[in-house]
Amino acid sequence: MATIMPPAVDTHAHVFARSLALAPGRRYAPENDALLETYLAHLDAHGLQAGLLIQPSFLGTDNRYMLDAIRLAPHRLKGVAVVDARTNAAELGRMAQAGVVGIRLNLIGQPLPTLEDGTWRDLLGCVRELGWHVELHVEAARLADIVTALQPAHCRLVVDHFGRPDPALGTADPGFRWLLEAAGDYDLWVKLSGAYRNWRDPSGADARRAAELLLAHVGPDRLLWGSDWPHTQHPGVTYAQTRRALDDWISDPALRQRILVINPRSCFGFQGDETP
């Protein structure tokens, strides 16, 4: 009799090739390719069955490469797209059929969008109707503004990379403290990922403390883990290091199982494959 094997999921990774057309106004250009076959090999090597691909900022709203990757491994991959606010419901529906489960707002170094505008309201209404989430990549200092502005849309929110606290402030960053206190008031999830984007502490103590606080305040049911592969702008980081980091941050195997298996199923709909 067939059983459903729930997958362990890497909820934050990117695939791309340097030959692709890059978006104007990008913050940086990639130095290496991040190919699908390499990513799937990393999953296999670390006992992970599935991955959530995130559209990289330097490709803008051209999601075709990511969608092609999902089509090649539809039972293992889902995606988070970057879209123009004017994207219509029909196009979003086609993306949903292709495996997209959310949109990303990468606001690092960018102004906050005018979410009260009718175009944005329509887009967020479609996101909500599709059961998608809105992923937020923004400095901790601006988290309160964007989360509060998104509240009327009643969308699930996923915060990238520990909430991006200021490295000089760490867990004392007022924006990070706001995240801890406000998490219970929203349908809000946080990714334990990209710690090296926030801290340079080789001992990992800063990230460990942040993970402990998020576990206590956001709760074990709303935390996710992501490798952030291929670790753009941080060439010395390896996939193995990012996977080992989760074991350091979360010492309880049952809690790690929740973060790797149960929570991605609840948040993104990963169901697992049928196996004999």
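Me: How many aromatic pairs does the ring-pairing rule give here?
Reply: The count comes to seven aromatic pairs, where rings of Phe, Tyr and Trp (its six-membered ring) pair if their centres lie within 6.5 Å. This is a predicted model, where local features need pLDDT of at least 70, side-chain atom pairs count only at pLDDT 80 or more, and totals for chains, interfaces and linings use all residues. Residues are numbered from 1 along each chain as its sequence is written, and side-chain values use heavy atoms, with hydrogens and water left out.

Me: Why is the Tyr28 and Phe58 pair edge-to-face?
Reply: Their ring centres are 5.4 Å apart and the planes sit at 70°, so the pair is edge-to-face (planes over 60 degrees apart; under 30 is stacked, the rest tilted).

Me: Are Tyr28 and Phe58 buried or exposed?
Reply: Tyr28 and Phe58 are both buried (under 20% relative accessible area, exposed being over 50% and partly exposed in between, with a 1.4 Å probe and protein chains only).

Me: Which residues form the aromatic cluster?
Reply: Phe16, Tyr28 and Phe58 form one.

Me: New topic: what does the side chain of His133 have a polar atom 3.1 Å from?
Reply: That's the backbone oxygen of Val101. His133 itself is buried, with a relative accessible area of 0%.

Me: And which residues is His133 in contact with, leaving aside neighbours within four places in sequence?
Reply: Val80, Val101, Gly102, Ile103, Val127, Arg156, Val158 and Phe268, contact being heavy atoms within 4.5 Å.

Technical notes. A polar contact is a pair of N or O atoms within 3.5 Å; within protein, one must be able to donate a hydrogen and the other to accept it, and residues adjacent in sequence count only if both atoms are side-chain atoms.
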